[in-house]
Amino acid sequence: MKRNLFTTIALGCAFAASAQTIFTKDGLSFETTSPSTVSVQKADKAQAPLLTIDVPENVEYEGTTYKVTSIGEEAFMWSNAVKVTLPESIDSIYNSAFTSTDITTLTLPSKLTYIGDYAFKSSNLVNVEIPASVKYLGNGAFFTAKMLQTVKFDGNVEELGKSIFYHCTSLTKAILPDGMTEIADKMFMQCDKLTDINLPSKLEGIGEGAFYKCAALGNLTFPSTLKEIGEEAFLECPGITSISLPATLEELGASAFSKTSIASIKLDSNNKNFKLVNDVLYSKDYTLLYLIPMKGKTSVDLMSDCIGINGGAFWGSEIETVAMNQKLLAIDDYAFCQSSLKNITFPNTLVYVGEQAFAATKLSDDLRLPENVAIVQDGAFAQTDVTSVTIPSGVKYVYAHAFHNSSKLASVTCEGSKAPELVDVYEDYDNPFYNCPATTLNIPKGTSASYKSEYWSDYFTLNEGEYGVLAVKSTFPEDNSMFTNKFFDGKVDITFTEEVTVVKPHPEVYLRRSTTELDPTLSGDILEPDDEWFVTHQSDKKTVSVWAADYDGYLMTYTGKPGESFAFVIPAGIVKNATGDMNEQIIVRVRAYDPNTGIAEADVPASDAKEAARFNISGMKIGNGQKGINIVKMTDGSVKKVLVK
């Protein structure tokens with residue numbers, strides 16, 4: 001076996017080392033690919049236009065007869081031939097071989113095994129039959145072939161590329177083989193006339209965007225083998241009015257059925273990965289809301305254990321009101337986009353709101369952003385009817401298009417002593433407040449310099465209010481400090497620059513824990529006191545203790561392991577000075593210390609929100625007894641997933 005393999009390699013190397021011969025015959029140029037085979041390289045345009053081209057099975061050159069086994073890259077690109085016949089000897093058609101040709105009919109050889117990327121892109125083929133012999137069908141193989149009406153697979157293709165039939169605007173019918181197990185990513189994306197397609201009985205996966213914007217597609221019957229439906233798989237398919245999810249389904253991607261006309265969702269009672277409650281689809285433990293009916297449902301009360309709303313869950317729906325619980329951690333991208341949502345009250349547990357999550361909704365009147373969401377993402381509240389927006393001190397960044405085209409937004413107020421950073425924009429159209437009528441920004445007394453330095457004055461006239469923000473002199477423990485054993489006190493001492501009085505003796509403090517490198521301020525693992533949080537004065541009148549009480553009224557002690565980090569998140573407005581100035585949000589991070597190494601096993605990430613901006617909530621981790629929301633961290637082009645429990 002080894003000797004045969006070596007011989008094959010040696011022969012291949014010997015041929016590759018020799019000069020490959022290119023010759024022309026009957027209007028076609030050929031290139032030798034072995035001592036006995038050739039590939040068609042080009043239809044010779046120097047000759048008179050050939051409307052019909054017959055590719056020979058064999059071709060003779062200088063006394064040697066070669067078998068024609070492939071069509072080379074770009075061989076017929078831009079050819080005006082309307083008909084090409086291929087011999088049975090062809091086993092490969094390479095990249096862009098027939099791109100932008102006028103060919104309307106073509107019979108693919110029965111021994112063909114390989115069809116390269118964009119092989120028939122923008123061609124005029126009307127009907128295509130993929131032979132059972134084909135093992136590879138490349139990316140965009142029939143990309144924007146706008147005359148294509150029907151496609152039939154005679155057998156299962158082992159490897160499918162992406163976007164194979166992308167934007168084939170005349171495609172009405174696709175016949176898939178019964179043995180096909182995967183419909184590839186974006187396979188029929190924007191085939192807006194596709195009405196007739198069968199889902200194979202052995203199908204296991206439907207890829208991302210597989211039927212995105214297939215406007216004419218109606219209801220489909222999912223086979224009992226289906227395990228996964230990818231992100232945006234049926235996004236903007238208004239012809240789908242109901243779905244029935246099989247027992248085998250394990251994964252459902254974000255926005256899989258957004259902007260459809262689904263009025264009915266059914267779930268096989270034997271499915272162990274999802275739960276259907278009042279027509280709302282959740283993960284099996286109710287921690288993630290996946291999907292609601294797009295039509296006919298106007299209100300939802302979140303299950304008490306729900307910590308996340310999946311991307312696009314309400315996108316394009318008729319929902320008007322949502323009662324959120326006090327555990328909700330994250331609302332993903334496009335979650336309520338273009339829905340009929342009229343009002344929302346955010347729980348303070350919330351730490352993430354995704355891009356365009358509330359864009360083009362019916363939100364109106366006053367809007368107060370979530371207290372503990374550090375970043376207003378791109379387009380998060382764009383094109384709404386809100387009349388005023390209050391940005392709490394916990395917000396550190398405001399991204400492009402955040403309130404874009406909110407044409408009734410007349411009042412904007414920022415409560416932080418340090419201005420949230422505005423993302424750089426090159427065009428005015430991209431600024432966070434484009435086409436908003438508000439001209440004045442209300443800010444705390446004495447903070448104009450900060451807001452000018454962050455360029456808020458480029459968009460607004462700054463208006464300082466009657467009250468300022470209390471300055472913090474120090475905290476104990478300090479932010480990003482370590483504790484030296486496995487126990488630490490549930491207490492933070494805060495010293496201000498002047499005497500204060502307590503306004504909220506029992507504030508809503510969060511002690512968040514992270515067991516990964518995730519910034520603990522983003523974690524949904526919240527450590528509760530046995531009793532409640534207290535704020536008490538110390539004797540100097542400038543210092544208050546914020547502490548967690550046990551059932552007996554004593555200070556609680558918590559346990560931390562090396563590698564864990566914690567964040568005390570203390571809300572604004574717990575104390576004030578004599579003139580009425582109050583504190584803003586205060587965050588103190590601590591981390592566990594490893595006495596064996598003398599260092600902390602995991603550094604606490606940077607305290608500013610720029611690091612937090614690199615995290616994106618993307619869905620539920622199911623399996624191995626774990627649960628939570630995946631945080632995807634983009635660093636230098638890499639993607640890292642960690643778990644929020």
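# Exercises on a predicted 645-residue chain

Gln377 sits in the loop that runs between strand 31 (375-376) and strand 32 (385-391), where strands (E, at least two residues) and helices (H or I, at least four) are DSSP runs numbered from the N terminus. The model is a predicted one, in which local features need pLDDT of at least 70, side-chain atom pairs count only at pLDDT 80 or more, and totals for chains, interfaces and linings use all residues. Residues are numbered from 1 along each chain as its sequence is written, and side-chain values use heavy atoms, with hydrogens and water left out.

**Exercise 1.** Determine whether Gln377 is buried or exposed, and list its contacts beyond the sequence neighbourhood.

Solution. Begin with the classes: buried means under 20% relative accessible area, exposed over 50%, and partly exposed in between, with a 1.4 Å probe and protein chains only. Gln377 has a relative accessibility of 6%, and therefore counts as buried. Next, take a contact as heavy atoms within 4.5 Å. Once neighbours within four places in sequence are set aside, Gln377 is in contact with Tyr352, Val353, Gly354, Glu355, Tyr399, Ala400 and Ala402.

**Exercise 2.** Carry out the analysis for His404, and state how far it lies from Gln383 in sequence and in space.

Solution. His404 belongs to the loop between strand 33 (397-398) and strand 34 (411-414). Its relative accessibility is 7%, so His404 is classed as buried. Not counting residues up to four places away in sequence, His404 touches Ala382, Gln383, Tyr429, Asn431, Pro432 and Tyr434. For Gln383, the separation from His404 is 21 residues in sequence and 5.8 Å in space, C-alpha to C-alpha.

**Exercise 3.** Find how many salt bridges the whole structure holds, and examine three pairs together with one network.

Solution. The criterion is a side-chain nitrogen of Lys or Arg within 4 Å of a carboxyl oxygen of Asp or Glu, and a search of the whole structure finds 12 salt bridges.

- The side chains of Lys25 and Glu60 form a salt bridge with an N to O distance of 3.8 Å. Lys25 lies in strand 1 (residues 22-25) and Glu60 in strand 5 (residues 58-61), so this pair ties together parts that are 35 residues apart in sequence. Lys25 is partly exposed at a relative accessible area of 30%, and Glu60 is partly exposed at 36%.
- Glu158 and Lys135 also meet through their side chains in a salt bridge, at 3.8 Å from N to O. This pair links distant parts of the chain, 23 residues apart, with Glu158 in the loop between strand 12 (150-153) and strand 13 (159-160), and Lys135 in the loop between strand 10 (127-130) and strand 11 (136-137). Glu158 is exposed, with a relative accessible area of 63%, whereas Lys135 is partly exposed at 38%.
- Asp479 pairs with Arg589, the closest N and O atoms being 3.4 Å apart. Asp479 is partly exposed at 30% relative accessibility, while Arg589 is buried at 3%.

Finally, Arg368, Glu371 and Glu415 are linked in a network of salt bridges.

**Exercise 4.** Identify the backbone features at Pro477, Ser122 and Tyr455.

Solution. As a reference, most residues other than glycine have a negative phi, and most peptide bonds are trans. The bond joining Phe476 and Pro477 is a cis peptide bond, with omega about 0°, and Pro477 is located in the loop between strand 38 and strand 39. Ser122, although not a glycine, has a positive phi of about 55°; Ser122 is in the loop between strand 9 (114-115) and strand 10, and is partly exposed at 28% relative accessibility. Tyr455, likewise a residue other than glycine, has a positive phi near 70°, and its place is in the loop between helix 2 (448-453) and strand 37 (461-464).
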